[in-house]
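The sequence and structure come first.

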Amino acid sequence: MSDFLFRINPFYKFTFLVVFATVITFIHSFWMNVWVFGACIFLLLTGTRPAQHIKALKILIPVTVFAVSLFFSGLFFGGGATGPFGGISTASTQSGMNMATRFYSFVGIGLLISLTTDPYALVKSLRTHAKLPRKFAYGMLAAIHLLPHMKTEYQNARLAFRVRGVPVGPLSLKPIFAMLVNAFRWSEMLSIAMISRGFYE
Amino acid sequence: MKKSLWNLYVWQLKDVILASLIAVLFAVVCYATVHSVVFAVTPLVTPFGFGDIAIEFVFGIFFFSAIFSPYIMQKPGVATVVGTLTGLIQILMGSAFSSTVLVSALVQGLSAEAVFAMFRYRKFNWFTMLLAALACTVGSFVLAWYRGLWTDLDPGFVATRFIIRAVSALLISGIAAKFLADRLAKAGVLKSYPLGAKYKGEPDES
Amino acid sequence: MNLDARGLTFKYFENARQPVIEDFSISIESGKITLLVGKSGCGKSTLGYILAGLYPENCGYLTEGGVYFGGVNLSTFTPDKRAACVSMMFQNPDLQFCMNHLENELYFCLENIGVPEPERPPRIKTAVNTLGISHLLLRSFNSLSGGEKQKCALCCILAIGAKCIILDEAFANINKESAREIIGHIKTLGFTVLAIDHNVALWEGNVDRTVSMDGTYPKTFDFRPTLHDTGAEVLSVRSLQVNGIRYPDMVFPKGSITAIVGKSGSGKTTFFRTIIKQCKYQGEIHFFGRELSRWRSKHVFAKCGIVFQNPSNQFLALNAFDEVLFSVNRWHTGKDKATKEKKTMELLSVFDLERYKKYSPYLLSQGQQRRLAVLTMIAGEQELLLLDEPTYGQDYENIVAIMELLLEKARQGLTVIFATHNETLADLCAHQTIRIGD
């Protein structure tokens with residue numbers, strides 16, 4: 001049990017993994033997918049703490065649901081097949097397996113990035129190595145930091161409309177409108193607060 | 001040569017925070033939608049091979065920020081920068097798709113940018129908004145094609161996906177984005193941005 | 001060094017006819033605490049932002065005059081140099097940090113003003129120890145109370161080394177004890193202070209000078225309404241427990257006004273959310289003759305209205321008139337259009353909002369927004385009204401106007417429960433005061 005993945009320079013790790021993920025998009029091979037995903041899981045198990053393993057498991061549940069559905073897409077519509085239960089073949093099974101494992105390999109790399117990178121460390125490292133301007137670095141962090149606040153306000157907005165007798169469905173625009181109003185207000189207030197603490201480019 | 005037209009947007013701190021907040025907001029909305037879709041709809045249609053099509057119905061959400069923001073700020077570079085920021089924010093939030101979302105977001109931003117650039121950042125109306133939404137659909141589709149998810153799938157199946165994604169993009173990132181932005185302008189919230197400059201949110205006689 | 005404003009004229013829009021501030025001068029003496037008072041909307045906050053050098057740089061136009069720190073015009077400073085002279089504490093403690101916890105925020109501040117890396121940790125340590133908050137260093141801001149957040153804000157200012165602090169209603173949403181503690185720190189550290197505050201009592205004994213922007217001074221709170229008798233019980237709570245918070249037993253009779261007081265985070269908002277069926281609870285809540293769990297949310301909303309802390313979340317329309325009209329329409333479906341519009345105007349006039357009827361609700365001040373939100377809730381026939389901090393950010397006149405309206409409605413049978421930090425108000429205007437979280 002160690003946490004060596006946390007100690008690698010976040011920028012190099014991030015760039016390597018994103019470039020690696022982009023490169024493997026051009027290679028379509030079932031076994032490569034399996035190896036990539038296997039390697040990712042191995043790294044996660046040996047290089048992170050149990051808390052991260054549990055998080056990974058939680059993410060992998062919906063991912064598996066989705067991967068299964070990708071497999072069926074390939075099974076029924078890939079490799080020459082043209083519809084549900086019409087012309088399942090070895091080729092189409094192969095196609096389904098390819099699609100599902102490819103998805104797993106992307107997610108595996110994504111897990112390596114998202115579970116082993118502290119946003120603050122990544123932004124700091126992006127500033128030194130990628131010359132990310134300060135206002136982008138701190139502006140993004142400020143927005144991320146508002147995430148919990150945003151969630152409660154979103155729920156409050158939905159509730160407020162229901163109390164006023166306005167039904168709100170899951171895709172209703174009204175609470176989103178209220179949140180956009182908040183976003184404009186917050187961005188002004190937050191930027192002024194940051195400037196009052198001497199923020200300067 | 002009208003030089004001023006091609007000046008890139010001068011990003012103020014509040015614009016960066018705003019763009020990031022919109023990205024965070026829609027990333028959360030997306031995440032919630034995707035999860036409810038994955039758990040509620042996908043298992044039902046998976047046995048027929050339609051499982052991963054379910055996500056296409058809400059795909060327009062991913063383009064929202066890259067089309068909404070340039071409509072408000074109306075300057076070169078906004079679509080690309082906001083598009084990319086949206087991807088970065090999702091990575092910082094710990095998305096499971098960290099490895100691919102940055103490239104996707106960049107491609108979507110550039111696609112929208114291309115449409116607004118075609119009209120030299122002068123026309124921001126229903127037509128350009130819908131066209132930008134379509135451009136994002138095409139851009140994201142070409143990328144998905146290159147990623148090889150669907151190269152050997154039945155063309156009819158892929159075409160269906162394209163149509164669903166296009167309709168979703170037109171509805172969510174075209175129509176809903178313009179509707180929301182116009183309403184925000186009328187509410188006087190966008191006073192400091194080009195779109196809201198003409199609305200003060202208060203009557204003239206005051 | 002003194003902070004002087006000379007002959008300020010400021011407007012938000014280039015072509016606005018009426019400037020927000022016209023030819024105003026003020027001198028804030030070094031090492032003294034100056035309290036700035038005046039009615040809501042007279043431009044106190046705007047003046048604070050100008051004095052801190054944040055306006056006109058970020059918003060609006062300063063057509064005449066200037067701000068001088070020790071005789072040097074503040075507009076010649078870059079933001080990093082300026083922050084080392086004047087800094088600001090804001091009303092909303094949630095919207096002033098860009099990092100996850102205090103230590104990172106302090107690093108951000110020191111990086112801003114160009115402190116070399118090796119000097120940062122000792123400087124952070126000194127600032128934190130001075131205020132005695134080293135236990136907050138690594139705690140997420142989201143887990144801190146309003147008072148703790150404002151302490152962190154003061155710590156940032158201390159670390160930056162600003163001599164002068166401008167406080168814009170910085171204590172409006174935190175309890176008295178925390179506010180007094182922060183004021184004590186400010187006093188002993190010898191800051192030059194301009195405080196904008198409706199709640200003058202908070203500063204008693206620490207203020208060196210009081211300046212009014214428009215010639216009006218806040219009155220001592222002498223609003224003493226005669227309380228009417230109340231009716232039968234409409235809501236009662238017995239051995240209630242929500243999310244690990246234990247509540248005392250409470251009974252709310254028809255037509256009564258109840259104040260709920262307690263520290264931030266003691267569960268006032270949670271209590272309100274429980275009443276409108278948003279939280280699971282253990283214990284008994286008797287709501288209009290039946291156990292609350294047996295009511296459907298929709299029917300609870302028809303009985304019970306609520307005004308949230310952030311009222312801008314509950315607006316639906318693009319102007320104040322339509323906003324109230326919406327609620328009127330919901331409750332008076334049978335009546336004709338003219339009657340409804342007349343009713344709407346009557347309601348707006350209760351809080352002097354008629355002249356803002358075409359204004360977008362989002363452009364009203366915080367105080368006006370809250371009053372508008374109260375109107376949308378009392379437009380209907382709800383029998384129970386919950387208000388979360390209804391007097392937050394309001395001046396004396398408006399507090400009285402809100403309380404008078406609530407009293408009149410209560411006399412007609414509306415049961416009112418409000419959460420507040422203002423205990424004087426609770427003592428004077430409520431039939432009962434319930435303290436939670438002790």
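## Two helices in contact

In chain B, Ala66(B), Ile67(B) and Tyr71(B) of H3(B) meet Met129(B), Ala132(B), Ala133(B) and Cys136(B) of H6(B). Sorted by class, this contact between H3(B) and H6(B) has 7 nonpolar residues, with no polar and no charged ones. The model is a predicted one.

| Helix | Residue range | Residues in the contact |
|---|---|---|
| H3(B) | residues 64–73 | Ala66(B), Ile67(B), Tyr71(B) |
| H6(B) | residues 126–146 | Met129(B), Ala132(B), Ala133(B), Cys136(B) |

The axes of H3(B) and H6(B) lie 10 Å apart and form an angle of about 150 degrees. Because angles over 145 degrees count as roughly antiparallel, H3(B) is roughly antiparallel to H6(B). The crossing of H3(B) past H6(B) is right-handed.

Which residues does Ile67(B) contact, leaving aside its neighbours within four places in sequence? They are Ala112(B), Met129(B), Ala132(B), Ala133(B), Cys136(B), Ser173(B) and Ala177(B). Ile67(B) also belongs to the largest nonpolar core, which has 255 residues; Ile67(B) and Met140(A) have the most contacts inside that core. Helix H2 of chain B, residues 13–45, gives the most to this core, with 13 residues.

Chain B as a whole has 7 helices and 0 strands. Of its 206 residues, 56% count as buried. Among the contacts in chain B with a separation of 6 or more, 69% come from residues 24 or more positions apart.

Technical notes: Residues numbered from 1 in each chain as written. Chains lettered and ligands numbered in written order. Predicted model: local features only at pLDDT ≥ 70, side-chain atom pairs only at ≥ 80, totals over all residues. Helix = DSSP H or I, 4+ residues; strand = E, 2+ residues; numbered from the N terminus. Buried ≥ 20, exposed ≤ 12 C-beta atoms within 10 Å, placed from the backbone. Contact = placed C-beta atoms within 7 Å. Axes fitted to C-alpha atoms, helices over the stretch in contact; angles between N-to-C directions. Parallel < 35°, antiparallel > 145°, perpendicular 65-115°, else oblique. Left-handed = near helix turned anticlockwise from the far one by under 90°. Nonpolar A, V, L, I, M, F, W, Y, C, P; charged D, E, K, R; others polar. Core = buried A, V, L, I, M, F, W, Y, C linked by C-beta atoms within 7 Å.
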